[in-house]
Amino acid sequence: MDSLTALTFLPLVGALIVLAMPAAKEKAIRLVALATTLVVAVLGIATYLAFDGASAALQGTVEAAWFTLPYIGGGEGVPVHFRLGMDGLSVLMVGLTAVMMPIVILSTYGHIHTRVKEFFVWMLVMETGMLGVFLSMDLVLFYVFWEVSLVPLYFLVGIWGGANRLYATVKFFLYTVAGSLVMLVAIIALVHMTGSTDIGRLMEMASNTDIVSLENQSWMFFAFALAFAIKVPVIPFHTWLADAHTEAPTSGSVLLAGVLLKMGTYGLLRFAIGFFPMMALQNRELFMALGAIGIVYGALLAMAQTDIKRLVACSSVSHLGFVVMGMFALTETGLRGSVLQMVNHGLSTGLLFLLIGMIYERRHTRAIADFGGVALSMPIFAFFFIVSMLSSVGLPGLNGFVGEFMILLGSFEASPLWGTIGVTGVIFGAIYLLSATRRLLFGPLTRKENEELQDLNLREVGLMVPLVLLCVWIGFKPNDFLSELDGSIDALVVRIEAAETQLQLDETALFLDDSTPEPAVALVEAAQ
Amino acid sequence: MLNDYLPILIMVGAVVGFGIVNLVISELLGAKRRVVGKGQAYECGLAPKGDSRMRISIHFYLVAVLFILFDVESLLLLPWAISAKSLTAAGVGGTVFAEVTAFVVVLGLGLAYVWRKGGLTWDR
Amino acid sequence: MTFQSTQDAFDAAFSTAALPAVLPAVILSVGALLMLLIEIVPGARASRPIVVLATLVGALFANFTQLSDPAGPVLDGIYASTPETAIWGMLFAAGALLAWVYSIGYYGEKARPFLAEHDMLFLSAPAGMTLMVCSQDLLMFFVGLELLSLPLYARAAFRRERHDSVEAGLKYFLLGAFAAATYLFGASLLYLATGTISVMELKMMMGDTITTTPVFLAGAGLLVAGIFFKISVFPFHMWVPDVYEGSPTPVTTLMATGTKAAAFGFLIPISFLLPTEATGLIAAIALLTMAAGNLGALVQTNIKRMLAYSGVAHAGTILLVIAGYLASGRDDAIGEQALHAALFYLAAYLFTSTGSFGLLAMLERDGEDLTTMRGIRGLARRRPAVAAAMTLFMLSLGGIPATGGFFGKWFVFTVLVQEGMYGVAILGALMSVVALGYYLRVIVNLWMEPLDEADTGRVAPVTLPAGIATAVCALGVLVLGLMPGWFLDLLG
């Protein structure tokens, strides 16, 4: 079996094995889940290392006939394939998912004590769903993985979540599905118009005005963008996120922040921008504005929180605002920065949620006011918390800085206004995160419960070390990771530039009339 | 086309006219002697007894429905009876007879079912 | 049609080709009669299951042989056997078989003496459905419809000691009779306008000026309205929740899946009777049906009633394909596509709906009402397999991928998108979000609420037949969702 298929479906195999085990054998179930994710992680890292970043081509492609959509495509029917592949846009996401999973599984030793078997089944199914989303190179297959990956999180939050979990999980599901279904109509229309479900070929065909007219491109762009914007989430669709994050068990939050939200930004990049660059250009200002507003609004929301987990959840909205703004700057720097920032956000927010989970397991409260002086009783915890927080704030030398810097640079090129507004988000970010850290870790130990806190154990430290190392690595040598994007981002930038030229020509063509000299008309038409 | 129906119209006219004429004549010419007995409801030569609004056993409806069912279904035998000779002449009489037999068997099965289930028993 | 001689007429009506075409219906009818015979022959009752199984499997097989080599129109063109009707027939037989399996052990002592009559329904109903989809003649359809409906009316009131059951039977009968009258009135007006009741001849007349006369349009409208009653389209859907809830659950299963499928199986091929101007009207009716079903289902606490409303919503979804067909200017190719989309959708719906109603039947066990949202709380802790199957069915009803419901929705929307009806498609898609709202409630109650010992503690054990039937339904849902090609290949 080839590596990508194995990568995608190994977790599912693990899930089936867990399913077959008796529920009482919790230790063995945990081991099987951990072993499966570790194997997948090794496979994922191997695939990552084998990836050639200089090339824009799909790598490790697998293709097998699945079925034929009848009728559409001129009566012949459109063959749908089981097609997996990896390019510069997805390689970092695949690596991130593979690395995060064993860490998440390890973290559950602390907080999952009921219905252990079900939990790991869903966890492993989720990994297959997430990897499938990033690796699918067929639109139908992509959509299947996209929606299937919702179900596990729905159960993870709904069964193992906090007090208000049912509201949060149903809200999460319905929000996401509403966007997805609108996208489904666009997908069907796109497949019907182009007669293909191959994502690589659709990249060429979807932006071709001879195949898909501009009006159709326009509504399809918004249909795709809506689905992914809800998932990211972009303001004003962010309300589900705070609830879902707050109510989810630690491992759910980490996965949600670490990987699932990236499905949204990844989708925006590959489908909304990749399929319809002309529309992305036309709506550049709108999305940059939404990104910038998200940055500031998310930060303001975070400042007002008294619950530390909700605070980090709101900071997610702010950080993902950066990603969206950088992406829709549609400049090379902005695009590269936003892809890197997806990874950065996964690492630093993931770390923060892990840490919050660890302290919640000890104190069973998340209210910031209940803490204070924790650094005295838990120095190791304090160290990791500060590193993660600084990475999130964007301290130079850590990963967050590189991503945010590139995004802001790229955004200034495209729109100084929104770029400037975005910069204020960095300041706000520093304010709320530093003040929360101060209230949480420093000051005198005012409560007796906090004096008796146990510091982190070996397992807890061990599971965070790889993430911290990655943060530092990206902070000092971002090019080790950015170089993987070269080929794909270059190709995307070329396409965006071509679309820009096309748009300008279309605009010129509007002014052509009978009075225009013949040669000029011929020139414009030839260029089109 | 309407001309074809003219004889029927004439016949309808004749029938209705005959009735009307007879009624009118007997009204005009007949003797009229009014007595109490004539004004009463008349039933088989006896004076009526009791109230006419009495409850009838639900069973009656069952039997009535069954009667109508079998009545209507056996009516379907009539077209076959009429064309049996020509069907035989065309050489398909045997097949059609087999079909009609099948129909009757199905009917018979239904009857047997109803019988067995006690649908025809008046007092249960 | 006029014939030179009786011999000619006979040859036209009866040829050896007709036998394989009508064989499925004949097998089912003979089986139904045998079931009556069993009841009156002393000591033959034990052979009930054998007769049911043999008849339904025989019908399945007889339909299967028609799949590769369909006989086409037979019996003077009033009956046709095509690959589509063969698949419909197989679905009907399979659906009846599954529903019957779920009925094993469902009824309490009081209903026991009438089980032969009950089982007869599961043979006469698919016979009626088969006639409905195969009919090429407005009266032939009516015969099938009545063959299906009359026993159903009686079976709805089967638990006669229960008020809701009797109410269901009476309501179903009265409204059904009204629908039948509407249908017949429409058919007679069509006959008045055109002088024929043959579907093929009517189709050949389309485009004629005759088909734009008020009489023709009124006839077509009434005819379709009569069928709308049967498929519970807005505003003719009011009876559905009461009847579905009151009827014994195995009978409800058959009503929800088979009746709807058979009515659509005839309605879509004859929707050419409607003028193309009706596109907007049909689309609006379909969307309103979806809205009425979904909003009605949203507030239910009884799952059976919720599924009844959800069935209304699904009928609305399928109705969308007719809007797409009319929008295409009654293009034959689109008509075929619409039929196939509905076939796929209903095939998925049949397995999903049979499975979920069947599981409810199992939970219910005649009287023990565990079919409320409260009643299934925490069921996953006690019966994880039942909860898992129910979850799968709910997700399929909601149209989540990897289940048959997803591709059903895909094919229906494809018909609309092809005609550029993006707005209708998006509205339809958003209705599914509302629908997911209540399907998720079932899942929430199954998995995420704490176990309620008082209620869920009484759950009956899973019997072997019900277990097998559930497994078959789940497998069907998954196969349609993961390998839709297998089903599409049958359609050619």
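Let's start with how chain C is divided: domain 1 covers 1-274 and domain 2 covers 277-492, with bounds that come from an automatic or database domain assignment. Please keep in mind that this is a predicted model, where local features need pLDDT of at least 70, side-chain atom pairs count only at pLDDT 80 or more, and totals for chains, interfaces and linings use all residues. Residues are numbered from 1 along each chain as its sequence is written, while chains are lettered from A and ligands numbered from 1 in the order in which they are written.

Back to those two domains. Their C-alpha centres in chain C lie 22 Å apart. Across the boundary, 38 residues of domain 1 of chain C are in contact with 52 residues of domain 2 of chain C; two residues are in contact if their C-beta atoms, placed from the backbone, lie within 7 Å. On the domain 1 side, the elements giving two or more residues are helices H4 (83-103), H10 (239-246) and H11 (249-270) of chain C. Helices here are DSSP runs of H or I with at least four residues, strands are E runs of at least two, and both are numbered from the N terminus. H11(C) gives the most to that side, with 11 residues. By class, the domain 1 side has 25 nonpolar, 10 polar and three charged residues. Ala, Val, Leu, Ile, Met, Phe, Trp, Tyr, Cys and Pro count as nonpolar, Asp, Glu, Lys and Arg as charged, and the others, Gly among them, as polar.

Now, between chains. Which of the two pairs of chains in contact shares the most contacts? That is chains A and C. Chain A and chain B do not touch, and their nearest C-alpha atoms are 44 Å apart.

Finally, let's look at chains B and C. Helix H5 (residues 93-116) of chain B meets helix H2 (residues 18-40) of chain C, with axes that come within 9 Å and cross at roughly 35 degrees. These axes are lines fitted to C-alpha atoms, for helices over the stretch in contact, and angles run from 0 to 180 degrees between N-to-C directions. From H5(B), the contact residues are Val106(B), Leu109(B), Ala112(B), Tyr113(B) and Arg116(B). H2(C) answers with Leu33(C), Leu36(C), Leu37(C), Glu39(C) and Ile40(C). Together, the residues of this helix contact divide into eight nonpolar, no polar and two charged.

Thanks, everyone!
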